[in-house]
Amino acid sequence: MDFKQIQELVKMINKSNISELSIEQDKFKITIKQKDNEVQQVIAVPAAAAPVQTVAAAAPVAAPVAVAAPAATAPAAAAKADNLVTIKSPMIGTFYRSAGPDKAAFVNVGDEVASGKVVCIIEAMKLFNEIESEVSGKIVKVLVDDASPVEYDQPLFLVEP
């Protein structure tokens, strides 16, 4: 089972009333548990292995509050935001603006991005995934702090096309 399949399972569990799902295939076992409509834990282990690896799959309640706070700003800002495109996280993981602590950020506010340009890295399950822009334009705002946990479909950047 690859990472995208696991990601889709988590997404489907979030939308359903299922509280726990366990799948076992060949030498792989995964258990996804949900509590109060938020995925709490994803446990993935090779069936023959003894240690259990646990990955937290949902950020605390603070994440939705942080997303809701900018929406409550002045109406003029909301009218300006209508023409902006949001680059969202395609997965759960840890957001990094640069390839390393001593490296420059992939993009900063005011930078021009082209479709396909790497804008950040998201670390998920010890894998570093380069996230590419799907639109061309100018970065208006970075919505996530460096080395912060992000959820699936969480806004990362605002781009003015």
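User: How much of the protein chain is buried?
Analyst: Of the 161 residues in the protein chain, 30% are buried. Keep in mind that this is a predicted model.

User: How many helices and strands?
Analyst: The protein chain has three helices and 12 strands.

User: OK, sheets. What's the order in the one with β8?
Analyst: The order is β9-β8-β6-β11. It is an open sheet of four strands, with antiparallel pairing.

User: Which strands are at its edges?
Analyst: The edge strands are β9, residues 127–132, and β11, residues 148–150. Each pairs on one side only.

User: What's the twist?
Analyst: It averages 40° from one strand to the next.

User: How many bridges join β8 to β9?
Analyst: Six, and the two strands run antiparallel. Strand β8 covers residues 118–124.

User: What does I122 stand opposite?
Analyst: I122 faces N129 in β9.

User: Now the sheet with β10. What's the order there?
Analyst: β5-β12-β10-β7. That is an open sheet of four strands too, and its pairing is antiparallel.

User: How do β10 and β12 pair?
Analyst: They pair in the antiparallel sense, over four bridges. Strand β12 spans residues 155–160. Within this pair, I139 stands opposite V159 in β12.

User: Switching topic. Where is S133?
Analyst: S133 sits in the loop between β9 and β10, the latter being residues 137–142.

User: Is S133 buried or exposed?
Analyst: S133 is buried, because its relative accessible area is 3%, and the cut-off for buried is under 20%.

User: Which residues does S133 touch?
Analyst: Leaving out residues up to four places away in sequence, S133 touches I87, V113, A114, S115, G116, K117 and V119.

User: What lies 2.5 Å from a polar atom of its side chain?
Analyst: The backbone oxygen of V135 lies at that distance from the S133 side chain.

User: Can you sum up S133 for my notes?
Analyst: S133 is a loop residue between β9 and β10. It is buried at 3% relative accessible area. Its contacts include I87, V113 and V119. A polar atom of its side chain lies 2.5 Å from the backbone oxygen of V135.

How values were computed:
Residues numbered from 1 in each chain as written. Predicted model: local features only at pLDDT ≥ 70, side-chain atom pairs only at ≥ 80, totals over all residues. Heavy atoms only, no water. Pairing = 2+ DSSP bridges. Axes fitted to C-alpha atoms, helices over the stretch in contact; angles between N-to-C directions. Buried < 20%, exposed > 50% of the residue type's maximum accessible area, 1.4 Å probe, protein only. Polar contact = N/O pair within 3.5 Å; in protein donor to acceptor, adjacent residues only side chain to side chain. Contact = heavy atoms within 4.5 Å.
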